[in-house]
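Okay, thanks everyone for coming.

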Amino acid sequence: MTIVNLSENGFSVKGHSTTDAYDEIGKLVCASVSSAVYLTVNTITDVVGDSADIIERDGEMTIHLSSVSRESKILLNGFKIHMLQLSEQYPRCIKVISEV
């Protein structure tokens, strides 16, 4: 299961959404989460230009912003909405924990 922790200054995503090598739904959810994570992180750092601490490991990504601009706040909110919708559609694959 993928666990998404949301905060006002960023998020962390850990785990994989698949239960085994044949779990096609889990693969789809995992790809959706990964794509949304990279889109959000890259847009915040490379397009908006906000500075962020980023940790990336196999099955894990964390982004923490010391200062959240208006643009990054909008992006983080969009990411939150997307993750919540995925967790509603695929509750066995993804769990969202939100501090915001």
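**Charged pairs and cysteines**

Let's start with a lysine: K27 is partly exposed, with a relative accessible area of 38%. Before I go on, keep in mind that this is a predicted model.

So what does K27 pair with? Its partner is E24, and the closest N and O atoms of the two are 3.5 Å apart, which gives us a salt bridge. Both residues sit in helix α1, 3 residues apart, or about one turn of the helix. E24 counts as exposed, at 53% relative accessibility.

How many salt bridges are there by this rule? The count comes to 3, so let me walk you through the others.

Next up is D23 with R92, where the closest N and O atoms are 2.8 Å apart. Where do these two residues lie? D23 is in the loop between β2 (10–14) and α1 (24–48), while R92 is in the loop between α2 (70–89) and β5 (94–98). That means the pair ties together parts that are 69 residues apart in sequence. And is D23 buried or exposed? D23 is buried, because its relative accessible area is 7%, and the cut-off for buried is under 20%. R92, on the other hand, is partly exposed at 45% relative accessibility.

Then we have R57 and E60, whose side chains meet in a salt bridge at 3.3 Å, N to O. E60 has 18% relative accessibility, so it counts as buried.

Okay, on to the cysteines. How many disulfides does the structure hold? The number is 0. Take C30: the nearest cysteine sulfur belongs to C93, and that one is 9.2 Å away, so C30 is in no disulfide. The cut-off here is 2.5 Å between the sulfur atoms.

To recap: we've got 3 salt bridges and 0 disulfides. That's what I had, so over to you for comments.

Conventions
Residues are numbered from 1 along each chain as its sequence is written. This is a predicted model: local features need pLDDT of at least 70, side-chain atom pairs count only at pLDDT 80 or more; totals for chains, interfaces and linings use all residues. Side-chain values use heavy atoms; hydrogens and water are left out. A salt bridge is a side-chain nitrogen of Lys or Arg within 4 Å of a carboxyl oxygen of Asp or Glu. Helices (H or I, at least four residues) and strands (E, at least two) are DSSP runs, numbered from the N terminus. Buried means under 20% relative accessible area, exposed over 50%, partly exposed in between (1.4 Å probe, protein chains only).
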